[in-house]
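Me: Could you go through this structure with me, a bit at a time? I'd like to ask as we go.

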Amino acid sequence: MSARLTHDGFRRLLEQVREAGYALVGPTISDGAIVYGPIAGADDLPIGWTDEQAPGRYRLRERGDRAHFGYVLGPQGPRRQLTPPVETLVRIRLGPRREQGPRTPEGVEAADEDGEPLALIGLRACELAAMAVQDAVWTGGPFVDPRYARRRERALIIAVDCLEPGELCFCVSTNTGPGVEAGASFDLRLTELGEEFLVEVGSERGQALIDGLGELAEPSTAQLFAARTQGVLAAAMELHGRERQLDLDGLPELLFANLDHPRWDELAARCLSCGSCTLVCPTCFCHRVEERAPLDAPTSERVRHWDSCFTDEHSRIHGAQFRPQIRERYRQWMTHKLGAWVSQFGTSGCVGCGRCIAWCPVGIDITEEVAAIRAAPVAPDDAEPVALPPATTVPALAGDPMHPQLARVVSVREELREVVTLAVEPVGVFSHAPGQFNMLGLPDVGEVPISISGQAGGELLHTIRAVGAASRALVALEAGDRLTLRGPFGSAWPLAELRGHNVVVIAGGLGLAPLRGALREMVAHPERYPSVRLLYGARSPEELLFADEILSWDRSIRFAPTTAPAVLESGHVKVHVTVDGAAPGWTGHVGVVTKLMRRKPLSAHARYLVCGPEIMIRFVLRELETIGVAQDQVWLSMERNMKCAVGMCGRCQYGPHFICKDGPVFRWDAIAGLLGREGF
Amino acid sequence: MAARPRLGVFKLASCDGCQLTLLDLEDELLAIAAAVDIVHFPEASSDMDPHGRFDLTLVEGSVSTPAQLDELRAIRAQSRTLVAIGACATAGGVQALRNFADHREYVRAVYATPAYIETLAQVTPIAAHVRVDFELRGCPIDKGQLLELISATLVGRRPDIADESVCMACKRAGQVCVTVAHGQPCLGPVTHAGCGALCPRFSRGCFGCYGPRERANTEALADHMQAEGVSAASLVRRFRLFTGWSEAFRAESERHDD
């Protein structure tokens, strides 16, 4: 169904939308630009104005007519309304202030406040495409952000065709414009043709609005349809004829094959790393999650706010910064947007709107940068190529993945100096697979990812070293204290695939903790895992984690002391321990774990599980390569900056992977091309 | 109730504006006073006790005289957590502009009896002399960040104060870029956030009072400004202001200073 509207009819349409209870959001002139924000009605639209855009430059100009949508795009689109720059996720009721350390939580409340539904007015085809991309990020599963989902579902969308594309537009390259396709997600689609609008209805809601206009909505005419078709076609032709294009063909592969291209260094000399491109981009979604716990407030808030892969904090974890250089940050942005995105969400992250070009303070043009790399790709070298897996779809899970439960600390066991195992009792049934992790947190200090180091009855074990503020606070908890818990998250050790195979587990330091659950399973089931060897390295004998337990697994070790007599009978487990250094009296191995690997002949046919510091993992893999172990026989566990744990905050990205959701356990071949590469 | 952590506020060469920011926390002052024992705070009270241990010490101002250097070392020795507050303490402040000239000439020009003036050849931020646990930027500091600093220190975590560009704050606030839309020179891309994009919100380019952010690519920004018509002399003045003695801004101003 379609209709024609005069300017008066359109004005009345917006009044009707407002009367129906929607908050109007549309383009309006503010601070010398056409910004997208709250408007009262048609009078607030930039009637008679247009924008002129060039790299790093934006100016308003009067058109000399009464065009309502005669401009192209302002600095930000509806991303601002659908995922606000600062948003409270949950409120946590706080216990009393304690002499030392943070307060503990006493209750968690959802913070989502249902305001008026939004009427998003004047969205272009590229912005609808960007919304579809954001839908995939926030609601594409397995985790769904209920705040975004609800805003999106309730929003009324009045789209507008682009008949006068802007100077920086390249939507024909990305196949996202200039016309709004009939199948796109809109309630009404407007085409502004001179002094009137052709209106296409896209939903029942839209139909009701048109019906409500009565005589103000006249039947559309064949002439208007033809004018629209011609207008859209002319715009598309014009865009096709331009020099600025983005060739998406094979782009993910091209970019990941050119990670060491000299262009990145040239770019880094120009790029300010200010983050503007990412915050004007309609598809970027990276954010931080922080605690706001004012001094005397009875509640703290867990807040997310827009972040950017150009900031220092984005890729920093305690003691490590994975992307210190500007070249690495720009490369991360571009390889993600135009490359990894396809693996993650099945679509490019670019919709051709040109905002990142206009609003870059120094006018860097992403299309030029891509063209430069395409024109002179570096010759393939010996480096392992980065594998780009196809996007997969997973059914959505119910509930808010950011809403923690309050779990109780049942006991605290001191393992090593500054390392404890918290036995935590979650609320309700909790099932996990060894290798997965939980987000543990306290309201004053925030959350950290902690692997599950075992399960004892209804209690989940988490082995934690006090390194940063949050882990220090967790380590200081006492039995009876409560903490926030989200999980379980991430991939697990492939226990089913290991059945019937000889398994070698190689662990370094605290890297044994994420493996303990899997080891316990293999120890308990000799019929499934006929031969298990553990090669474990620690700094010193005093730093050997779970020493009593691991020695008890190997009955050939005579001084095996205390626990689990049933296990002692099994005899299918061999444990080899080495330390970097020891005081006199230590009769065991001394040296790094790779040295131990050379002393103990290892089979090329066994299956290998590896966890420890990344540098150790890399040396272990080199050793495995030497003895001819194929990459599909090895699994390892990785770590990056995880804040949301559900693939939405963007911080833990490792090439095409989210460590939180696709990892932390990866098969070697999945990440072989990334291991050891700087900036990932 | 356990003894509250002891707070000390000290000043070296400075205007007192950053200390005033603590007093500007009007709605939160009672909570702060309940959470910490304000032992020494000359801007607020003459009932002072500059001795003994401080759990949290806020130091405003830069080191300009030999006496201040001694004082700073004594403060450090008494402090568990020492935080430099403001452009003077973190970058030298506006008085560090004398570092670009001969301080003896200044003394002769300004003071009637220069013989009474004992001053160091260079004004320096406090981190040049003692270990600093955290630097709170700004001229003056932002009261929200100060409150966050105090709250975080009390529970032993690092303050949620991001070392990122002012552009991030502009974009979160929905502020239209003054460079792109109005052609105004702006130091926002290379400047540490924290002010809430105060100047851009009043349609004025950032003049860098929070000092350089990490990875401040001042060279790229200055080159671009120059291409847009900003003179070398103007670039020197822009980078040489409240935080002109910070390493990144100093290097950039010197690059354009013939």
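Me: Which residue is the bridge partner of B:Leu7 in β3(B)?
Reply: In this predicted model, B:Leu7 has B:Leu56 in β3(B) as its bridge partner. The two strands concerned are β1 (residues 6–11) and β3 (residues 54–60) of chain B, which pair in the parallel sense over 5 bridges; strands count as paired if DSSP finds at least two bridges between them, and strands (E, at least two residues) and helices (H or I, at least four) are DSSP runs numbered from the N terminus.

Me: And what order do the strands of that sheet come in?
Reply: The order is β2-β1-β3-β4-β5 of chain B, an open sheet of 5 strands with parallel pairing. At the edges are β2 (37–40) and β5 (134–136), each of which pairs on one side only. Neighbouring strands are turned by 25 degrees against each other on average, direction ignored.

Me: Which helix packs on it?
Reply: Helix α3 (residues 66–78) of chain B does, touching β1, β3 and β4 (79–85) of chain B, where touching is a contact, meaning heavy atoms within 4.5 Å. The direction of α3 makes about 135 degrees with that of β4(B); axes are lines fitted to C-alpha atoms, for helices over the stretch in contact, and angles run from 0 to 180 degrees between N-to-C directions.

Me: OK, chain A: what pLDDT does it average?
Reply: Chain A averages 94, and 98% of the residues score at least 70; pLDDT is the predictor's confidence in each residue, from 0 to 100. Over residues 558–570 of chain A, however, the pLDDT is below 50, and this stretch has 19 contacts in the model beyond near neighbours in sequence.

Me: How many residues lie between β19(A) and β20(A) in their hairpin?
Reply: There are 3 residues between them. Strands β19 (residues 437–442) and β20 (residues 446–456) of chain A pair in the antiparallel sense over 6 bridges, and A:Met439 stands opposite A:Pro449 in β20(A).

Me: What does β20(A) form with β21(A)?
Reply: Those two also form a hairpin, with 2 residues between them, and A:Gly457 in the turn has a positive phi of about 60 degrees. Strand β21 covers residues 459–465, and its antiparallel pairing with β20(A) runs over 4 bridges, with A:Ala456 opposite A:Glu459.

Me: What holds paired strands together, in general?
Reply: Strands of a sheet pair through backbone hydrogen bonds, either parallel or antiparallel.

Me: New topic: where does B:Cys195 sit?
Reply: B:Cys195 is in the loop between α8 (178–182) and α9 (198–201) of chain B. Leaving aside neighbours within four places in sequence, B:Cys195 is in contact with B:Arg201 and B:Tyr210. The C-alpha atoms of B:Cys195 and B:Leu154, 41 residues apart along the chain, are separated by 23 Å.

Technical notes: Residues numbered from 1 in each chain as written. Chains lettered and ligands numbered in written order. Predicted model: local features only at pLDDT ≥ 70, side-chain atom pairs only at ≥ 80, totals over all residues. Heavy atoms only, no water.
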